[in-house]
Amino acid sequence: MASPLALPVGESAALEALRLDARPLGGGESDYDALLELVGDARLVLLGESSHGTHEFYRERARITRRLIEELGFTAVAVEGDWPDADRVSRYVQGAGEDRDAEEALRGFRRFPTWMWRNAEVLDFVGWLRAHNERVAAPGRGVGFYGLDLYSLGASMEAVVAYLEEVDPAAASRARRRYECLHPYSKDSSGYGQAVLLGVSEPCRRRVLEQLVELRRHAGDYLRADGLVAEDRYFLAAQNATVVANAEEYYRTMFGGPAPSWNLRDRHMADTLDELQVHLARHGGPGKVVVWEHNSHVGDARSTEMAQRGELNLGQLMRERHAHDAVLVGFTTYTGTVTAASEWGGEAERKRVRPALPDSYEALLHATGIPAFLLCPLRTSDSGRVLREPRLERAIGVIYRPESERSSHWFAACASQQFDALVHIDVTRAVEPLERTGTWELGEPPETYPTSL
């Protein structure tokens, strides 16, 4: 463990409050008792991460999720991943797919960054989900695995057409014609936005909306078959059609500034999560969902500088729509290693994470000297009052640029208003990709590690 920082005398009381409220995490069964008590009857638990490539974040989210499933009856896991890719995993864990094992079921996640979901921790968790469902659920039922994102333009178009081929071949032909204008961009969706911006391509908005409207209008026809299977298949197809419509708008607007496209994406994820809850309730279940996403999506944007940029996020929308029925949990670390790329589409690298900046939450939590702990609840505790003071907070996505650490990866926040609970693990290590490159195996050479910001 790194040595605690020396804090100004004025912060000694704050540090003492954190130490008194901290619940050390030692790997025992009771580690998250306080969090489950906080969750209570809530139907949504959003589990964050301050990077997309940290082993301990995936491990602890899996530990929490297993308890939520086994003890509080949660019936779905929804992730920051694409709908068709996650559906393949869902079919596997529910015993309804053709994949032979968890690794094969995860092969749908082919889009960069593959390590987000094709990693050792997710592999183990998917294996656990399959075993759990086999113990307690009928084939084709049990806890599902769903994607909330909208990047799967090509795969979602294919899924809509494939569904209609089976239930309404004439409608499938119409869908092909409507989606034709997007096919040149199915492998490079951002190229669609560039083409529209340059006037090379006519926007496909009207056509994809027509397809979505027609699919919804004929829902009654497609659902005449009895049983839950028909309803499941229609729900998956309708969501894929929604993904196509929202992805078209996302890629068309992404070059007009970050806020509109960011907000569209998080609204899509929020709407998908709400639709998923309704779908699960139709099956007679409680519609209780665990969400795995980045802190930047999970934490309430109104308590961060995102709000000043006109950005909202999933956590904010869930609080606005569901109030105390949504519990938001953040994750932080002080230093260690992380799996990330140096540029979009680049290879996965194992990089060293710089020690946190002195005026950050991470530095304050590090100064407690406790290797790993939970702060819960935040809103009504002394530690929550400490963490209400605005400080810097780190966010590492799929790209990590330590050479521009301050400008690239830090933002202002009020942590105890952003989250309902916080997990801090002081020193963390990179998550292990299922496909390791030479770059990842070697890690970042010490001589390339920057010594100053």
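Reader: How do the axes of helix α4 (residues 83–93) and α12 lie, and at what angle do they cross?

Author: In this predicted model, where local features need pLDDT of at least 70 and side-chain atom pairs pLDDT 80 or more, while totals for chains, interfaces and linings use all residues, the axes of α4 and α12 come within 10 Å and cross at roughly 155°. Residues are numbered from 1 along each chain as its sequence is written, and side-chain values use heavy atoms, with hydrogens and water left out. Helices are DSSP runs of H or I with at least four residues and strands are runs of E with at least two, numbered from the N terminus; the axes are lines fitted to C-alpha atoms, for helices over the stretch in contact, and the angles run from 0 to 180 degrees between N-to-C directions.

Reader: Why are α4 and α12 called roughly antiparallel to each other?

Author: An angle over 145 degrees counts as roughly antiparallel, and the angle here is roughly 155°, so α4 and α12 are roughly antiparallel to each other. Their contact (heavy atoms within 4.5 Å) is made by W83, P84 and D87 of α4 with F235, L236, Q239, N240 and V243 of α12. By class, these residues are five nonpolar, two polar and one charged, where Ala, Val, Leu, Ile, Met, Phe, Trp, Tyr, Cys and Pro count as nonpolar, Asp, Glu, Lys and Arg as charged, and the others, Gly among them, as polar.

Reader: What makes α10 and α12 roughly antiparallel to each other?

Author: Helix α10 (residues 205–217) packs on helix α12 (residues 228–253) at an angle of about 165°, with the axes 10 Å apart, and that angle therefore makes α10 and α12 roughly antiparallel to each other. Their crossing is left-handed, a term used if the near helix is turned anticlockwise from the far one by less than a right angle. On the α10 side the contact includes R205, V208 and L209, which meet α12 residues including Y234, A237 and R252. The residues of this contact divide into ten nonpolar, two polar and five charged.

Reader: How do you know the direction of α8 relative to α10?

Author: Helix α8 (residues 169–179) and α10 pack at an angle of about 160°, with their axes 8 Å apart, and α8 is therefore roughly antiparallel to α10. The crossing of α8 and α10 is left-handed. A171, R174, A175, R178 and Y179 of α8 meet R207, V208, E210, Q211 and E214 of α10, a contact with four nonpolar, one polar and five charged residues.

Reader: What lines the largest cavity?

Author: A cavity is a set of points on a 1 Å grid over the protein atoms alone where a 1.4 Å probe fits but cannot get out, and a lining residue has an atom within 4 Å of a point. The count comes to one cavity of 30 Å³ or more, and about 50 Å³ of space lies in the largest cavity. Its lining consists of S50, S51, T54, T333, T337, V338, V353, R394, I396 and T428, with strand β6 (residues 326–340) giving the most, three residues. By class, the lining has three nonpolar, six polar and one charged residues.

Reader: What makes the backbone at A323 worth noting?

Author: Most residues other than glycine have a negative phi, and most peptide bonds are trans. A323, which is not a glycine, has a positive phi of about 50°, and A323 is found in the loop between α15 (314–322) and β6.

Reader: Which bond joins F112 and P113, and which joins C376 and P377?

Author: A cis peptide bond joins F112 and P113, with omega about 0°, and P113 has its place in the loop between α5 (102–105) and α6 (120–136). C376 and P377 are likewise joined by a cis peptide bond, with omega about -5°, and P377 lies in the loop between β8 (372–375) and α17 (382–386).

Notes:
Angles under 35 degrees count as roughly parallel, over 145 as roughly antiparallel, 65 to 115 as roughly perpendicular and the rest as oblique. On a 1 Å grid over the protein atoms alone, a cavity is a set of points where a 1.4 Å probe fits but cannot get out, and a pocket is an open set with protein on both sides within 12 Å along at least five of seven lines; lining residues have an atom within 4 Å of a point. Grid points are joined across faces, edges and corners, and a volume is the space filled by probe spheres set on the points.
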